[in-house]
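Have the structure open while you read, and take the points one at a time.

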Amino acid sequence: MTEQNPQAVDNVQMEKQQGDDGQLPAGAAVSPHENPAEHTEVEKVPGFLSLQNMKVFQICLIGGMLNGYTIGLVPIYAFLYLTSTDCSLYKSEDACITVLNAECQWDVKASQCGWRYFTCGKAYPTDPLNPAVAEAACKADSRCSWVYADKECNNLRGYTPTENGIFASAMILGAMLGSMYCGKFVVVAGHNMTFTVGGLIAVVSSVMYHVSVHCNEFWVLCVGRLLIGLTISTVYVAGVMYLDQNAIRKHYHKLGVSLGLFTTFGILLAAVMGLAVGRSIDYKKDANLGGRMHAICAVSTLLSTCMTVSGIFLPVSKVQFKEFIKIKAKILNADEYSLLQMSGRLALGLVIAGSAQLTGINAVMNYAPTIMSRFGVESLLGNFLVMLWNFLSSFAPILLSNWFTVRQMFLFGSFASSISCLLLCGVPVYPGVAASTVRNGVAITGIVIFVLSFEIGLAGCFGVLTQDIFPPSFRPKGASFVMLVQFLFNLIINLCFPIAVERVSGGPSANQDKGQAVAFIFFGCVGLLCSIIELFFLHRWEDIHPEGSRAKKANPEMQQTLESAPEPQNNVTA
């Protein structure tokens, strides 16, 4: 057996005595092998932005941006597709005949662009003195839709509410499927192979985006979204697990909540792209919407390629679940705990997943243009403002982690976001409760508070808690389960929100404020219920088992392996 350096052994023992702040507790013994005068040298911990931290954080940085951009792509792509199918927007003959996904025809007499075979606005013109006649006729024609806000009849444009729900939900379905198997794949193949395969799948997904734009095939787009969902699951199951196992302990929680920052940056990047390609459209000439849609899809292709490369060169984890690679590493027993033993922890995971998703954040993110337009803000500008505030809010948990625990921030976020949903975004928006000017101001304030609260607690801390509430050896299974449930709730919201709002409101031509208000009231009530449960039961595994799960049940040889594991090594030759 190779002789161990006594100084290295003492450093490991000292690291085990250190808390999350990297400082030795009072009364901690100083190693007999070191000079007491040099004790301050041993206590030094690499900084937050150290190379060691940045090496292990890169997959969360790239994966967070990819996840955020994938989320933010939904309203932007839907807007551009709507623009590519709405003949009435175009103001010249040259622009009219080049509309991408609709058969448009320029009416020389009326000097306006309409649909080649049937234009609903011409067939059912609105009489200002009696608009109910045009409304009734328009609703009776399946080719047409009554626009409540403009009080005019228009042809069906863009995606239907059902198609919007499927478009937004396809990624979530893929993430659900990925969450079911990602933990098992990490145990069998390791972190690096998981990230590399995930990146390659994302590249294929992005190529399918471009094919969908070229061929106008909705189902190709949806399959691409489903595939990229598989990649997103690797970020939140394997990525956060890798960070937990390899980051400097003093900085782990701050790095963990930083994942939310790069997710919101990805969302903001999509909003900026949408603002750039959407507001620069000139409706008097060829809008080149195909090129604009390819441009927003190209960002996803770039991030997917970066994730593939990162997976190849990422340092190998210090913790493995089997000896499939020739380096010294901590080997954990993935079967140490049964599902029955962890049933309480799994139930807690279900509750925190409910807080993260059933408070309605995806309804805000995916349908921000529609929601803000109902409050009197231009759709793309409203979407950009929501995403900008979302990004700025994500700095808060990084700063607050210096003074508050992850549990405290998560509880605050859960309670505050639920209350803002209920009392600011829900009740005042219900028709008849408040005047429109008051309603819009209160609702926009509610969204501001909701997004800030969500980023402080739920977005920043959720990924960390999916690891912290389980013992280390159970985290592949536990985190996979929590992410599976979280994505299931996410799927329900994305698929059902636009449909429920329309149905509760009384149809596509009715006042949509009613359905939107009911939805946010529901989000608030569910969030408050989850918050109360978390107040009593949400604790980290280490807090209720302070002896440490790695040492528990470990034999002496295994414990020696845990203590002597080296720093991560580069995986170029793995």
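1. Start with the cavities: the structure holds three of 30 Å³ or more. A cavity here is a set of points on a 1 Å grid over the protein atoms alone, where a 1.4 Å probe fits but cannot get out. A volume is the space filled by probe spheres set on the points, with grid points joined across faces, edges and corners.

2. A quick word on the model. It is a predicted one, where local features need pLDDT of at least 70 and side-chain atom pairs count only at pLDDT 80 or more, while totals for chains, interfaces and linings use all residues. Residues are numbered from 1 along each chain as its sequence is written, and side-chain values use heavy atoms, leaving out hydrogens and water.

3. The largest cavity has a volume of about 410 Å³. Its lining has 29 residues, where a lining residue has an atom within 4 Å of a point. Look for Asn67, Ile71, Tyr236, Thr263 and Gln357, which lie nearest the centre of the largest cavity. Among the elements that give two or more residues to this lining are helix H3 (51–83), helix H10 (252–279), helix H12 (343–357) and helix H18 (436–468). Helices are DSSP runs (H or I, at least four residues), numbered from the N terminus.

4. Which helix gives the largest share of that lining? H18 does, with seven residues. Domain 1 (50–89 + 160–320) and domain 3 (339–541) each give at least three residues to the lining of the largest cavity; the domain bounds come from an automatic or database domain assignment.

5. By class, the lining of the largest cavity has 16 nonpolar, 12 polar and one charged residues. Ala, Val, Leu, Ile, Met, Phe, Trp, Tyr, Cys and Pro count as nonpolar, Asp, Glu, Lys and Arg as charged, and the others, Gly among them, as polar.

6. Now the second largest cavity, at about 70 Å³. Its lining includes Tyr77, Tyr81, Asn101, Glu217 and Met293. H3 and helix H8 (191–215) each supply at least two residues there.

7. Finally, the helix pairs. H3 and H10 pack at an angle of about 35°, with their axes 6 Å apart. Axes are lines fitted to C-alpha atoms, for helices over the stretch in contact, and angles run from 0 to 180 degrees between N-to-C directions. The contact of H3 with H10 has 21 nonpolar, 10 polar and no charged residues. The axes of H12 and helix H20 (residues 513–537) come within 9 Å and cross at roughly 140°.

Conventions: 1 Å grid on protein atoms, 1.4 Å probe; cavity = no way out; pocket = protein on both sides within 12 Å on 5 of 7 lines; lining within 4 Å.
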